[in-house]
Amino acid sequence: MAWQQFKHHQMAMVGSAILAILLLGAIFVSFISPYSPTDSSLRERRDPPSIQHPMGTDTLGRDLMTRIFYGGRISLAIGLGATILGVSIGVIIGSMAGYYGGKVDEALMRLTDLFLSLPRIFLLIIMAILLREVDVPILKANGDMGGIILILGLLSWTSVARLVRGQFLSLKEKEFVESARAIGASPSRIIFKHILPNTATPIIVAATLLVARNIISESGLSFLGFGVQPPTPTWGNMLNAAQDEMRKGNWWMAFFPGLMIFLTVISINYIGDGLRDALDPRKVK
Amino acid sequence: MTHYILRRLIYAVPLLILISIIVFFLISLAPGGPMAAFEENPNLTPEDIVRLEEEFGLNQPIYVRYWKWAKRIVVGDWGYSNVTHRPVLEEIGHRLPNTLQLMLVAFSITLLISIPIGLYSALHQYSLFDHVATFFAFVGQAIPIFWFGLILIIIFNVWLNNPVSPHHGFAWSHFTQCADCKPLLPGGGMAPYGVDDPTLGQRIQHMILPVTMLAMFGMGAYTRYMRGQTLEVIYQDYIRTARSKGLSERMVVMRHAFKNALAPVVTIIALDLPGLFGGALFTETIFSWPGMGRLFYRSAQRGDYPLLMGIVMINAVLIIAFNLLADLSYAYLDPRIRYD
């Protein structure tokens with residue numbers, strides 16, 4: 001039913017196809033590509049796009065397309081990981097505020113206001129430079145990947161929290177919740193088994209769009225040099241490395257990584273749009 | 001109304017205090033912190049360091065240090081940069097006007113383009129124009145603005161030449177490699193290198209690319225908001241009433257539809273506006289624009305914590321101020337809402 005609706009959203013289907021290609025490329029790049037993402041080749045430095053190197057090579061002679069798909073692994077994993085963390089925090093805070101109401105709601109919503117008032121990118125940068133000094137292996141893996149997921153997740157739960165709270169406020173007065181309470185279900189059971197499943201639709205749509213937002217944030221941080229550290233490639237830090245090169249005319253080093261960010265984000269946004277239409281029960285064509 | 005403003009202002013104070021606590025604690029986690037510069041100084045013995053620490057009060061518990069810091073902030077003593085040793089407020093004060101100049105011009109352009117397009121799109125729903133505009137709004141929302149900035153540099157600074165430069169005329173410098181060709185547009189700074197007092201023309205030339213980049217921020221989103229809000233309004237009964245009493249279409253649109261659609265858009269834009277400082281951070285970094293964003297970027301690279309702290313606080317104040325502005329503008333534009 002929902003899938004029938006989704007299929008009719010042309011751009012969402014195009015977005016799904018592009019995203020599927022990117023995902024397959026990112027997963028299977030080590031089998032497909034004849035090049036290594038890290039080994040340099042001094043003969044082939046700064047080669048413009050050609051048959052051998054469809055996206056050219058970088059300053060160390062590494063095949064750009066290979067690095068872009070390896071970078072895609074990291075960028076997509078961070079976008080997904082940070083979203084899972086952010087949505088989890090948002091769901092917990094939003095459902096507690098909405099379910100308990102009163103003082104709990106007041107306190108949690110003030111906390112949400114506080115996080116909404118934080119200057120986001122500035123705080124991300126401060127947290128990222130502090131992260132460099134922390135020595136926790138799980139955060140340091142893959143050039144700080146774990147740490148970037150943590151700080152992006154910590155700053156991306158507010159919209160989900162507000163959404164979930166709103167849903168809870170309207171759902172908790174419904175009969176099915178009252179009957180669950182009447183037969184003595186515990187609050188956690190009511191929250192997770194009865195109310196939360198009914199809020200899934202808007203959460204899925206919001207989470208989809210949040211993935212795109214987190215991918216942009218990660219690449220922005222890495223572009224400035226505060227995100228994932230080289231030699232681990234991400235689209236953001238590849239753009240950072242390309243800045244001097246493109247002023248010399250080597251445009252492909254800046255063009256392709258950014259194009260990938262753009263294609264991923266626009267695909268995800270269209271998918272989110274398609275999901276919203278498909279999952280909206282009021283909108284049956 | 002005054003009562004409402006006052007109440008909101010009072011509400012803003014604890015918010016600011018909380019933000020400052022968060023940022024202060026985060027920054028105090030930084031290793032070395034304010035003492036890093038002294039520890040590297042070979043002329044100072046470890047005893048000197050301890051004595052200095054006591055003098056600065058760094059051996060005291062963090063809440064004492066926060067209290068002292070907060071008291072100084074209130075009276076306008078924001079400390080000194082770790083790197084230049086100049087007062088933080090002075091450093092920020094030098095750059096803030098450059099940032100505001102960039103933001104003001106870019107933001108005006110964003111609104112002048114996105115609001116009319118959104119309105120026109122909604123009034124001609126499902127027309128070719130609407131489809132094209134909606135598609136480009138989606139594209140605009142997905143383009144990372146830092147990448148957009150790099151593309152602008154490649155096209156207008158690296159590839160295209162200034163047609164009035166001597167000998168070669170209009171040529172792709174990337175392929176022709178002429179020595180005396182000038183780029184079509186400058187790719188960085190506020191003035192030509194070494195020029196302290198640029199002419200108005202030079203200033204404008206240097207603004208074109210960074211302003212274009214920053215104007216992209218929000219362009220897609222505002223177009224879609226405006227379109228959505230207009231569609232929401234245009235089928236309301238009072239629009240039908242206005243039409244049926246024989247008002248011209250122009251009157252109906254401008255007097256009745258436009259103003260009512262604009263109210264929520266203005267609110268969203270005011271809430272969004274501080275985010276423009278984030279956009280300016282990227283713009284100023286890419287185009288070496290001597291503003292607050294670039295100052296933050298350089299301070300982050302150098303670990304200049306007093307400056308980082310100052311810039312974050314200024315931003316927090318602005319965010320809260322714009323939130324208030326959003327509420328007030330909504331009250332002004334929507335007569336159904338009266339605060340008291």
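Helices (H or I, at least four residues) and strands (E, at least two) are taken as DSSP runs and numbered from the N terminus. The structure is a predicted model, in which local features need pLDDT of at least 70 and side-chain atom pairs count only at pLDDT 80 or more, whereas totals for chains, interfaces and linings use all residues. Residues are numbered from 1 along each chain as its sequence is written, chains are lettered from A and ligands numbered from 1 in the order in which they are written, and side-chain values use heavy atoms, with hydrogens and water left out.

Chain A contains 12 helices and 0 strands. The C-alpha trace of chain A spans about 75 × 50 × 30 Å along its principal axes. Of its 285 residues, 53% count as buried (under 20% relative accessible area; exposed is over 50% and partly exposed in between, with a 1.4 Å probe and protein chains only). Among contacts in chain A (heavy atoms within 4.5 Å) with a separation of 6 or more, 71% join residues 24 or more positions apart.

Backbone geometry was examined in both chains. The A:P230 to A:P231 peptide bond is cis, with omega near 10°, and A:P231 lies in the loop between α10 (200-224) and α11 (235-247) of chain A. In chain B, B:Y126 is not a glycine but has a positive phi of about 70°. B:Y126 is located in the loop between α5 and α6 of chain B and is exposed, with a relative accessible area of 60%. B:H85, also not a glycine, has a positive phi near 60°. This residue is found in the loop between α4 (62-74) and α5 (88-123) of chain B and counts as exposed at 56% relative accessibility.

At the interface, 46 residues of chain B are in contact with 39 residues of chain A. The two chains bury about 3,900 Å² between them, 82% of it on carbon and sulfur atoms; buried area is the accessible area (1.4 Å probe) that two parts lose on being put together, summed over both. On the chain B side, B:F138, B:F146 and B:W147 lose the most area to chain A, together 16% of what that side buries.
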